[in-house]
Amino acid sequence: MTALNRILGALVDWLQRPLGGAPPIVGLVLWSIPVSVFALWVFGKTSNQTRIAAVKNQIAAALFEIRLFNDDLRAIVRAQWEILGRVIHYQGLALVPMVFILPPLVLLMVQLHQYYGFRGLAPGESALLRVELAEPGGERPDLRIEVPEGLHLETPAVWVPALGELDWRIAADAAGDYQVGFVLGGETATKTVRVTDRVVRLSPERPPRELLAQLEWPSEPPLPADGAIRRITVGYPQGSVGLLGWAWEWSFAWMVVFFVLTMVIAVALKKPMGVEL
Amino acid sequence: MTTPSDTASSRPARLVLAAAILLAGAPTIADAYIGPGAGFAVLGSFAVVFVTMLLAGVAVLAWPFRMVWRALRRRRRARPLVRRVVFIGFDGQDAAITERLMAEGKLPNLSRLAERGSYRRLRTTFPSITPVAWSSFSTGANPGRHNIFDFLDRDPRTYLPRLSSAHIGPVTRFLKLGKLRIPLARPDIRLLRRSKPWWTILGEHNVWSTVIRVPITFPPDRFHGAQLGAMCIPDLLGTQGTFMLFTTRPESTTFEEGGVRVALEHNGSASSFTATVKGPENAFREGNPPMELPLELELDRAAGAARVAIDGSVVDLRLGELSGWVELDFPAIAGMKVGGLTRMMLTEAGEHVSLYLSPINISPGKPAMPISHPSYYSSYLEKRIGPFATLGLAEDTWALNEKVTDDATFWTQTQDIDAERERMLHVGLDRLRSGALVTVFDATDRVNHMYWRYIEDGHPAAAGVDRPEYGDAIERQYIHNDGIVGRVLERLDEQDVLFVLSDHGCTSFRRGVNLNAWLLANGYLALRDGADPARPWLQSVDWSRTRAYAVGLVGIFLNLKGREAEGIVEPGDEAAALKSELAARLGGLVDDETGTIAINEAFDTDTLYRGPYKGNAPDLLIGYNHGYRISWGCASGVVAGRVFEDNVKAWSGDHIVDPRLVPGVLFCDRAVSSDDPHITDLAPTVLTLFGIRPPGHMDGRPLIEKERP
């Protein structure tokens with residue numbers, strides 16, 4: 001997984017580089033085009049297009065029936081039942097292509113989430129820095145934090161024994177990319193913190209060496225499996241997507257916008273590409 | 001034990017299971033995105049369910065108000081004697097052939113119907129042709145009341161033929177924007193059939209009817225029910241069916257009937273060709289230029305195959321095999337297209353290459369003209385059963401006449417259309433809880449017309465064919481019809497009534513009679529000096545010296561003063577005397593070459609019809625004998641040639657004869673009260689079965705007593 005993340009990360013970084021200075025909406029529009037084309041192509045190749053068209057036709061016919069026999073309540077109810085059954089069938093037919101579309105798309109979406117899900121810290125802004133230990137409970141550990149110039153700690157560490165967590169508020173003084181160091185019993189670990197107003201790769205979490213954690217947080221190499229520190233997170237502010245002065249701040253906002261964009265593009269391209277959706 | 005097919009069938013299930021596991025285990029971010037396609041499935045389904053609920057909600061809320069409104073509008077509460085009445089019409093099913101096949105045990109379902117209920121020969125209309133007979137079926141009236149006397153009428157101002165059943169006028173009001181014209185009105189499309197069909201009367205009493213492809217329903221009637229139009233629905237070019245032959249052959253001659261030849265041009269190699277499909281006139285452009293679609297054909301001579309690319313579709317063809325329906329969307333202006341359907345066939349793939357395109361049917365899914373009621377009914381049927389033929393005369397008899405297609409292709413066409421029709425019938429029957437359903441199948445008539453030459457020794461149209469492959473086509477068609485009846489019978493119960501009927505029968509068409517040539521030879525018709533008598537549509541006629549002429553298929557008109565633009569025959573005694581004289585001379589007219597009587601009787605329509613429209617009828621109706629019919633030349637207004645000539649076209653059987661020679665059939669699963677029923681009796685019968693008193697304009701009488709059958 002680490003190697004895959006490294007390769008994918010390098011590829012996405014390269015593609016994303018020209019978009020660093022542009023508003024997020026621009027990057028999302030540009031990413032949604034190839035994603036739509038890819039998804040449509042795969043959908044077209046892996047789904048049973050004939051059956052999808054047939055099921056959709058029957059759904060449309062049942063809708064017509066509701067209009068046609070609008071004096072006949074039994075006919076209306078029958079048409080509704082038919083529609084329900086056909087819709088379930090339609091969903092089932094869409095599941096097969098989803099199997100092929102989802103894996104590559106999930107990997108890409110996770111990468112894009114590192115860019116568009118959060119924004120970098122601004123000078124003067126602070127965030128929660130959290131270290132989760134491998135063994136919760138017990139005594140407060142003797143963990144030393146090394147904060148580089150350009151950042152400073154606003155609060156002393158807070159120890160949460162039940163969770164095995166140490167929390168700080170870390171504040172940004174100047175723009176830049178920083179490495180915060182942690183030393184615990186001879187073991188060392190680092191965590192990147194980025195202070196920037198550009199759309200860049202952020203790493204809200206340095207994950208443990210576990211498959212799903214690495215899949216979700218691919219921007220930094222995982223922490224050693226047998227180390228005392230399990231995970232380190234930085235609470236970056238949520239990303240925002242906006243257009244013409246309007247902005248929506250939520251770490252998943254980009255995904256909603258991206259979803260709508262891919263839908264619109266898919267509608268526009270389905271006929272030229274000859275795909276029945 | 002697991003078989004390979006088990007493994008194959010379980011593969012999708014495994015994939016779905018894997019996907020479900022992946023989704024369940026994947027991080028939150030992945031859950032949130034499902035991509036276009038799957039996303040569409042979810043959103044589309046949600047939208048469908050939402051719209052369904054909305055429509056259903058509106059329907060339920062409006063239902064009480066609709067019921068009250070209907071009750072207020074309803075003339076009188078009907079007390080139906082039955083739950084459903086189903087009519088299956090087999091256009092042209094001949095009584096004599098049916099009886100022979102029943103006697104041979106080849107029509108078990110019809111025989112069962114006859115034993116259980118009744119079978120009668122069904123008297124048809126004068127003339128015995130489809131538009132007239134089915135109009136009488138619909139209205140229960142004679143032609144003098146419903147105004148349909150022939151396929152063609154003539155415009156008395158110009159003597160030119162025109163469609164008798166529908167008027168299709170152009171759009172006359174436009175907003176001009178440079179070369180672009182925006183129509184400000186709909187084209188004037190009117191049904192010329194008069195009187196009230198029984199389904200309209202049933203609707204007035206809140207009884208639903210589904211009327212599928214009953215001839216002369218274009219544009220459709222508006223009533224409480226659903227209707228798909230039939231005969232006289234034009235193709236997308238506005239004609240009654242124009243096929244196209246794209247060919248590299250250099251012949252410049254045009255087809256005599258309903259077809260156009262289009263040059264297939266080489267496109268850089270010996271196996272690559274291009275052409276342009278000319279579609280309907282573009283009313284949005286100055287001068288109404290045709291809308292066009294480019295066609296590309298890649299030929300594989302060795303394999304006898306071709307790949308045709310047109311309008312984004314790629315169609316793979318094999319020599320002599322008819323394609324399925326191909327959708328064509330002709331671009332009118334940006335964002336507006338006119339939809340059509342055609343079928344293709346590669347007819348030559350050697351030194352010369354030819355591609356046949358059937359007449360371009362109006363797309364039922366996106367109809368460019370009103371072909372159904374409600375307007376979305378054709379779209380509904382298209383969604384239910386797939387694309388289907390909409391052209392009035394959907395089977396391409398003209399291409400077979402012109403030898404562009406062959407017997408096998410025509411057979412495929414008719415059977416495919418029959419199959420479409422049967423699916424429509426069952427869709428209608430599925431959803432008919434009470435009311436009437438009528439479906440007319442055309443294939444029998446077309447098969448009679450085109451394969452009759454094979455069931456009769458020495459038919460001139462079968463010269464040189466010793467063992468025709470389709471010699472039993474007519475018999476096969478009747479057996480096929482029997483199957484249709486059987487499948488419907490299985491779905492009916494004792495509260496339903498089934499009628500199986502035909503509008504007329506069929507007989508031989510060996511010899512054509514050119515009435516205009518006879519009128520010319522006998523001094524009733526004169527030609528202009530120096531005019532070419534071979535010109536069509538009577539263009540060579542000197543009207544100032546002509547007393548009678550033939551237009552259309554069934555009769556003769558007098559050139560009546562005050563009615564015709566250049567009429568010379570005085571109405572009244574002179575006209576009556578002329579009619580009597582013509583009737584006397586034509587009745588018993590003998591074909592000198594064969595010594596056979598060609599015309600049994602010429603009927604005076606003044607005594608034949610009753611009703612307000614009988615003045616629109618031909619003055620004389622010609623009752624041909626078996627083997628005779630109006631000639632092809634006379635039908636297209638040609639005066640030249642001999643009075644009698646052999647018919648050598650594939651169209652070799654016909655029913656435009658003395659109607660007494662070609663009765664139809666009537667089967668019913670109940671006893672009928674008349675021994676000699678007439679096609680006009682069906683309309684009052686269905687009304688009676690639904691407890692409605694037949695109106696006075698109906699000439700027919702109910703065939704079933706007004707008591708619970």
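Which residue in strand 19 of chain B is the bridge partner of Asp329(B)? The partner is Gly339(B). The legends below begin with that pair's surroundings.

This is a predicted model, in which local features need pLDDT of at least 70, side-chain atom pairs count only at pLDDT 80 or more, and totals for chains, interfaces and linings use all residues. Residues are numbered from 1 along each chain as its sequence is written, while chains are lettered from A and ligands numbered from 1 in the order in which they are written.

**View 1. Strands 18 and 19 of chain B form a hairpin.** Strand 18 covers residues 326–333 and strand 19 covers residues 336–342. Strands here are DSSP runs (E, at least two residues), and helices are runs of H or I (at least four residues), numbered from the N terminus. Seven bridges join these two antiparallel strands. Two strands pair if DSSP finds at least two bridges between them. Two residues lie between the strands, and Gly335(B) takes a positive phi near 85°.

**View 2. Strand 19 of chain B also pairs with strand 22 of chain B.** Strand 22 spans residues 361–362. Two bridges hold this antiparallel pairing. Leu341(B) stands opposite Asn361(B).

**View 3. Helix 2 of chain A runs from residue 24 to residue 46.** Its 23 residues reach 32 Å from first C-alpha to last. That is close to the expected 33 Å (1.5 Å times one less than the number of residues). Its buried residues include Leu28(A), Trp31(A), Val35(A), Leu40(A) and Phe43(A). Buried means that 20 or more other C-beta atoms, placed from the backbone, lie within 10 Å of the residue's own. Among the elements covering the buried residues are helix 1 (2–16), helix 4 (73–116), strand 10 (240–243) and helix 6 (253–273) of chain A.

**View 4. Domain 1 of chain A meets domain 2 of chain A.** Domain 1 comprises 2–117 + 248–273, and domain 2 comprises 126–237. These bounds come from an automatic or database domain assignment. The C-alpha centres of the two domains lie 36 Å apart. Domain 1 gives 15 residues to the contact and domain 2 gives 13 (contact: C-beta atoms, placed from the backbone, within 7 Å). On the domain 1 side, helix 1, helix 2 and helix 4 of chain A each give two or more residues.

Methods: Buried ≥ 20, exposed ≤ 12 C-beta atoms within 10 Å, placed from the backbone. Contact = placed C-beta atoms within 7 Å.
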